[in-house]
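Take a look at the structure first, and then we can walk through it together.

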Amino acid sequence: MSQTSLKQKKKNDTGSKNSKDSIDTEKRKDSEKSGVRLSTQESQESPLLKTDSRGYVVRSQWSRTSRSPSTRAPSVDETRSKSASLKLPASSTTSRTSSTSPSQQDSQKELSAQPSPPTPPMPLDSSPPTPPESYSQSRRSSKMQENPEAWAHGIARDSMQLREYPPRTPPTEWKSYAQRKTTYSTQLDRDCLSELPRQQQLEEEEEEDEAYWASVRTLYEKTPSCSRPRPPKPKHAITIAVSSRALFNMVDGRKIFEEEGLEKYMEYQLTNENVILTPGPAFRFVKALQHVNARLRELYPNEQDLFDIVLMTNNHAQVGVRLINSVNHYGLLIDRFCLTGGKSPIGYLKAYLTNLYLSADSEKVQEAIQEGIASATMFDGAKDMAYCDTQLRVAFDGDAVLFSDESEHITKEHGLDKFFQHEALFENKPLAQGPLKGFLEDLGRLQKKFYAKDERLLCPIRTYLVTARSAASSGARVLKTLRRWGLEIDEALFLAGAPKGPILVKIRPHIFFDDHMFHIEGAQKFGTITAHVPYGINQKMNN
């Protein structure tokens, strides 16, 4: 046989070996994935291991003179000579080549292509002895020296393949679907049902959403508008502090407090906290102030120079629920409350930046006066009177209210004639300011805001001067004083000592300030709501 035919035959033998090796490799991978090793029938079909005359497997790393592995790494020449007489099984070859680098695989292919001398077959009854324990260590050390990176990668892969996980234990108790249904929400339970198509579920959800939003729209349509304007900042606002007895009629509760004590009074208020209180003397005045705020917000949306109402009372906090219910019932825009629980609230007036304090308790008014705060005692009219809802009307007495009380001192000490002479002599000298001069200034400042928008004839604020002075003898000094102050009064009524009640009926003011109880009582008979300014308040105010 020629040399060319021998080479061709060797090449065919090598190809058949490689194809058989690849088939065995795929079978071994499949068996390792399923956890079942190859059967004995397949192992018998694989090539038998080559042994020497003594029955030992011939391996390249073993020394022929000793069973102990060689401690040094074999050279290239030794490897080729030893591998020439070695034919390893397909299973061991595939397992080793899988953990070697590509360069090593190429070198092994070259070595397998070289011819090897025939080896006598191993007897059937003889089995190859187990290699010593140190073989794996020498084999591992030699591989680490040849290619440490590939060796580390193979160790990691082998550890992952040999890792065993504990079997998953079944749950101790299985529950039926009816028992587990309560632990899931209705939406999740519907998604788990396979009987209903997905499209039908989506349609049902859309119908539920439409029904829900339809009910919400119906609810909001029936509910009145609850848009509530924000209160002004205290440093810019005109703060009017009103007591609970001035704002509401609390005569019954006051009677229980005086006769039966505080505990019975609180019990009465808690029992009747859902009973709406009736309006008091300052109620219509507060409503008129809110109308002015509304008009200002229409003309100046960002306006902060507004009236700010504060409910100032010495009631207990438990009584506040009834007050809040009554305030909301009448639509009063009162956001700031002061409930002092039996103590006097006068100490909080300056903290609230109060410009005017109105109360039904004359003693509280006196305390506020001592603190230098403009105050007045409110009295309701003896009979009902129709009041204007679109215009705030405020009437002032002159002496000891807008002006000082120096002229009244001269009248009491020297008589009316001396008073007329004094006023004529000091006609061009402005009068000293009274306790409510600041409140008139606040009203005038707001009036000018309406005048700037050409709203003079439709201005929601109107001021009146109702005085017992005579216009001819002492009226000029009053008007010149107002002019010097830069204040305008809409109407000035000089009565020369005549009763004020009939004039006030015509004016129908929301509040009338006067320092004489004689005029207060006369105005009350005609149904005018009055506010008594104690005599001599200007002395403390001027200091």
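Let's begin with Tyr265, which counts as buried because its relative accessibility is 9%; buried stands for under 20% relative accessible area, exposed for over 50%, and partly exposed for what lies in between (1.4 Å probe, protein chains only). Phe257, at 34% relative accessibility, counts as partly exposed. Please keep in mind that this is a predicted model, in which local features need pLDDT of at least 70 and side-chain atom pairs count only at pLDDT 80 or more, while totals for chains, interfaces and linings use all residues. Residues are numbered from 1 along each chain as its sequence is written, and side-chain values use heavy atoms, with hydrogens and water left out.

Phe257 and Tyr265 form an aromatic pair, and Phe439 and Phe513 form another aromatic pair. Rings of Phe, Tyr and Trp (its six-membered ring) pair if their centres lie within 6.5 Å; planes under 30 degrees apart are stacked, over 60 edge-to-face, and the rest tilted.

| Aromatic pair | Centre to centre | Angle between planes | Class |
|---|---|---|---|
| Phe257 and Tyr265 | 5.8 Å | 70 degrees | edge-to-face |
| Phe439 and Phe513 | 6.3 Å | 70 degrees | edge-to-face |

The pair of Phe439 and Phe513 links distant parts of the chain, 74 residues apart: Phe439 belongs to helix α19 (residues 437–452) and Phe513 to strand β11 (residues 511–514). Helices (H or I, at least four residues) and strands (E, at least two) are DSSP runs, numbered from the N terminus. Phe439 is buried, with a relative accessible area of 4%, and Phe513 is buried at 0%.

Both residues also turn up in the largest nonpolar core, which has 60 residues; Ile240, Phe307, Phe396, Phe439 and Phe513 have the most contacts inside it. Such a core is a set of buried Ala, Val, Leu, Ile, Met, Phe, Trp, Tyr and Cys residues joined through side-chain atoms within 4.5 Å. Helix α14 (residues 283–299) gives this core its largest share, seven residues. Leaving aside neighbours within four places in sequence, Phe307 is in contact (heavy atoms within 4.5 Å) with residues including Ile240, Leu289, Val292 and Phe439.

Charges meet rings here too. The charged end of Arg456 sits over the ring of Tyr451, 3.8 Å from its centre, and Lys449 lies over the face of Tyr300, at 5.9 Å from the ring centre. The criterion is NZ of Lys or CZ of Arg within 6 Å of the ring centre and within 35 degrees of the ring normal.
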